[in-house]
Amino acid sequence: MAVAAGGATTAGVRLFSVPRTLPAIRTSSFVTTLPFSKLGSFPGRVRSNEPARKKLLVIRAARTESQGVSLGFRAPNFQLPEPLTGKTWTLEDLESYPALLVMFICNHCPFVKHLKKDIAKLSNFYMKKGLAVVAISSNSVATHPQDGPQFMAEDAKLYNYPFPYLYDETQDVARDFGAVCTPEFFLFKKDGRRPFELVYHGQFDDSRPSNSVPVTGRDLSLAIDSVLSGQPVPSVQKPRCILP
């Protein structure tokens with residue numbers, strides 16, 4: 001998957017339904033011990049209001065920190081299908097939740113593969129505490145057919161994803177979010193009737209497929225704990241994506 005001002009790549013699912021009343025929020029942290037993931041690259045598609053000639057953008061990882069969206073960024077609206085169930089999801093479906101985690105993932109990315117089981121565990125843990133979670137794949141099936149809707153549904157079943165795994169065929173939603181790599185995590189909080197606002201846009205933890213650091217989900221889980229307990233999330237966050 002690739003997009004916007006530059007991006008790098010790569011994401012089924014058991015539905016979670018919007019409850020009539022939210023569960024009580026507790027603040028115990030999610031912590032596991034296992035091995036994380038690597039950046040991919042995704043070719044982007046130009047929007048209809050851009051030059052008529054379509055072109056693929058392939059941006060690879062480098063040592064420069066990604067200059068993505070800023071904290072306080074409001075979650076953009078979306079309307080995307082869930083290949084596993086055929087249901088269409090929108091941001092409005094999640095408005096009753098106090099916090100929302102949007103993850104850009106895909107099937108083939110080695111960094112995502114390294115985290116799939118732990119992403120499912122962490123999501124399942126916090127969804128029971130009142131967190132809304134969705135995952136989105138924006139990869140082009142022209143370049144990565146293994147990331148198509150049929151295989152997304154299979155992946156969702158295989159890893160028992162507790163969240164909707166949505167397909168962004170046009171890549172417009174990825175562009176709206178400013179997503180540039182996989183996996184990429186956007187954590188939003190909601191105060192009353194106010195829109196969802198971005199409070200965390202960082203890594204899952206320090207683990208990578210190429211190092212011996214165990215997967216714990218520490219960075220993301222600490223941010224979620226802060227949001228669900230009404231505490232501020234530190235503004236200094238380790239970026240998940242790096243760009244040239």
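How many salt bridges does the structure hold? In this predicted model, the structure holds 5 salt bridges. One of them joins the side chains of Lys 116 and Asp 155, with an N to O distance of 2.6 Å. Because Lys 116 belongs to helix H1 and Asp 155 to helix H2, this pair ties together parts that are 39 residues apart in sequence.

Helix H1 (110-127) was examined next. Its 18 residues should span 26 Å at 1.5 Å a residue, and the end C-alpha atoms are 25 Å apart, which agrees. The buried residues of H1 include Phe 111, Val 112, His 114, Leu 115 and Lys 116, together with Asp 118, Ile 119, Ala 120 and Leu 122. Ser 123, Tyr 126 and Met 127 are also among them. The elements against which the buried residues of H1 pack are E4, E5, H2, strand E7 (184-189) and H4.

Ser 123, located in helix H1, has a relative accessible area of 0% and is therefore buried. The side chain of Ser 123 reaches the backbone oxygen of Ile 119 at 2.8 Å. Apart from residues up to four places away in sequence, Ser 123 touches Met 103, Val 133, Pro 162 and Phe 163.

In helix H2 (residues 149-158), the buried residues are Met 152, Ala 153, Asp 155 and Ala 156. These residues lie on the same side of H2, because they cover an arc of only 160 degrees around the axis. Gln 150, Lys 157 and Leu 158, on the other side of H2, are exposed. The cover over the buried residues of H2 includes helix H1, strand E5 (131-137) and strand E6 (165-167). Asn 160, which follows H2, has a positive phi, near 55 degrees.

Asn 107 is located in the loop between strand E4 (99-104) and H1. With a relative accessible area of 7%, Asn 107 is buried. The C-alpha atoms of Asn 107 and Glu 154 are 9.7 Å apart in space, while the two residues are 47 residues apart in sequence.

A further loop, between helix H4 (218-228) and strand E9 (242-243), contains Gln 237. This residue has a relative accessible area of 16% and is buried. A polar atom of the Gln 237 side chain lies 2.9 Å from the backbone oxygen of Val 199, and the side chain of Gln 237 also reaches the backbone nitrogen of His 201 at 2.9 Å. With residues up to four places away in sequence left aside, Gln 237 touches Leu 71, Val 199, Tyr 200, His 201 and Gly 202.

The loop between H4 and E9 also holds Lys 238, whose side chain meets that of Asp 206 in a salt bridge (3.0 Å, N to O). Asp 206 lies in the loop between strand E8 (197-200) and H4, so the pair ties together parts that are 32 residues apart in sequence. Lys 238 is partly exposed, with a relative accessible area of 43%, and Asp 206 is partly exposed at 38%. Another salt bridge links the side chains of Asp 191 and Lys 189 (3.8 Å, N to O). Asp 191 counts as partly exposed at 42% relative accessibility, and Lys 189 counts as partly exposed at 31%.

Terms used: Residues numbered from 1 in each chain as written. Predicted model: local features only at pLDDT ≥ 70, side-chain atom pairs only at ≥ 80, totals over all residues. Heavy atoms only, no water. Buried < 20%, exposed > 50% of the residue type's maximum accessible area, 1.4 Å probe, protein only. Helix = DSSP H or I, 4+ residues; strand = E, 2+ residues; numbered from the N terminus. Arc of directions from axis to C-beta. Contact = heavy atoms within 4.5 Å. Polar contact = N/O pair within 3.5 Å; in protein donor to acceptor, adjacent residues only side chain to side chain. Expected span 1.5 Å × (residues − 1). Salt bridge = Lys/Arg side-chain N within 4 Å of Asp/Glu carboxyl O.
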